[in-house]
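Let's take a quick tour of this protein, with an eye on its charged side chains. Have the structure open and follow along.

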Amino acid sequence: MVLGRSFEDMCAQMYYRGKMFGFVHLYNGQEAVSTGFIRLLKKEDYIVSTYRDHVHALSKGVPARSVMSELYGKATGICRGQGGSMHMFSKEHNLIGGFAFIGEGIPVATGTAFTCKYRREVLKEPGADNVTVAFFGDGTCNNGQFFECLNMAALWKLPIIFVVENNLWAIGMSHLRSTSDPQIWKKGPAFGMPGVHVDGMDVLKVRDVAKEAIERARRGEGPTLVECETYRFRGHSLADPDELRDPAEKAKYATRDPIAALTKYILENKLASEQELKSIDKKIEELLDEAVDFADASPHPERSQLLENVFADPKGFGIGPDGKYRCEDPKFTQGTAHV
């Protein structure tokens, strides 16, 4: 959780220094959700995230230097600089994105869950008990994809956990003003799956709920919908002055900081000393300094990379029956405007 919080704070610094561009959505305050779920997963398990995906990537084991370089748009980034803040992806870590539009990751997550079930029940692959965790926010839960995928996952008993990171605000729209029943977890039983509400500011409570849901999915007993009530400590993105939320509400949730709460629990139960916790902070600080230095020193992508992963062929004009690029045919531009 300290890695996630410190990484996002460093992102804010680098953004305001002009090191990264576009929209950057930070995860401060929600670390208990990412840590509580993802640290229970195996490397082979899948996660699908949203545009607020940096910390999900870090929790899944993606190196901080790779995430930072991606934010810088550098060739050493996790997507070679082509994804940026909202499109983290790693085949190695089974991180399937990073999706900029709300709800669009849920069908993809349902697909990876179907893949896991198919490998287990049809292909009979040994040890094929992988699960998928799909993260999304409260603003997504009135969208059609959400309901369609809940239905499909329950119908086919797919090994997936739908995790709602309910931070109470969809950009500037209050959750209480935008939905007929604000208790999102109730939508689970409506589709025949368990629905659970948990304090998303308490990593130990999140972990307990996550453990049960993940084990249930591994046993082949189907999906679970988990609503984690949490709060983001910054604006919707670094371009958001955060003037819409009531200062009293922000102050109330600041007192429930998940990192401060866990620190208090650890010290009161003598699980670690204050010095040991400070050494973690120091280690993270050094790690992030190295990540920034690495990103600064990394090269920008080559211009030739622009059309990669865009068209089925690198030149983008299609390949003719003779195996040659259509654009190389002298007749290719006949009857068209020459540019």
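Glu121 is partly exposed, with a relative accessible area of 41%. Keep in mind that this is a predicted model. Here's a look at who Glu121 pairs up with, and what other charged residues are up to.

**A pair within one helix**
- Glu121 and Lys117 join their side chains in a salt bridge, at 2.9 Å from N to O.
- Both sit in helix H5 (residues 105-121), 4 residues apart, which means about one helical turn lies between them.
- Lys117 counts as buried, because its relative accessibility of 19% falls under the 20% cut-off.

- Arg65 and Glu290 make another salt bridge, at 2.4 Å.
- Here the partners come from helix H4 (residues 64-72) and helix H12, so parts that are 225 residues apart in sequence get tied together.

- Asp281, Glu285, Glu286, Asp289 and Asp293 form a negative surface patch.
- Asp281, in helix H12 (residues 274-297), is partly exposed at 39% relative accessible area.

**Domains**
- The chain splits into domain 1 (1-297) and domain 2 (303-338).
- Their centres, taken over C-alpha atoms, are 40 Å apart.

Note on methods: Residues are numbered from 1 along each chain as its sequence is written. This is a predicted model: local features need pLDDT of at least 70, side-chain atom pairs count only at pLDDT 80 or more; totals for chains, interfaces and linings use all residues. Side-chain values use heavy atoms; hydrogens and water are left out. Patches are made of residues with over 30% relative accessible area and no salt bridge: like charges are joined within 9 Å, nonpolar side chains (Val, Leu, Ile, Met, Phe, Trp, Tyr) within 5 Å. Accessible areas come from the Shrake-Rupley method with a 1.4 Å probe; for residues, only the protein chains shown count as cover. A salt bridge is a side-chain nitrogen of Lys or Arg within 4 Å of a carboxyl oxygen of Asp or Glu. Lys and Arg count as positive and Asp and Glu as negative; His and the chain ends are not counted. The place of a charge is taken as NZ of Lys, CZ of Arg, CG of Asp or CD of Glu. Helices (H or I, at least four residues) and strands (E, at least two) are DSSP runs, numbered from the N terminus. Buried means under 20% relative accessible area, exposed over 50%, partly exposed in between (1.4 Å probe, protein chains only). Domain bounds come from an automatic or database domain assignment.
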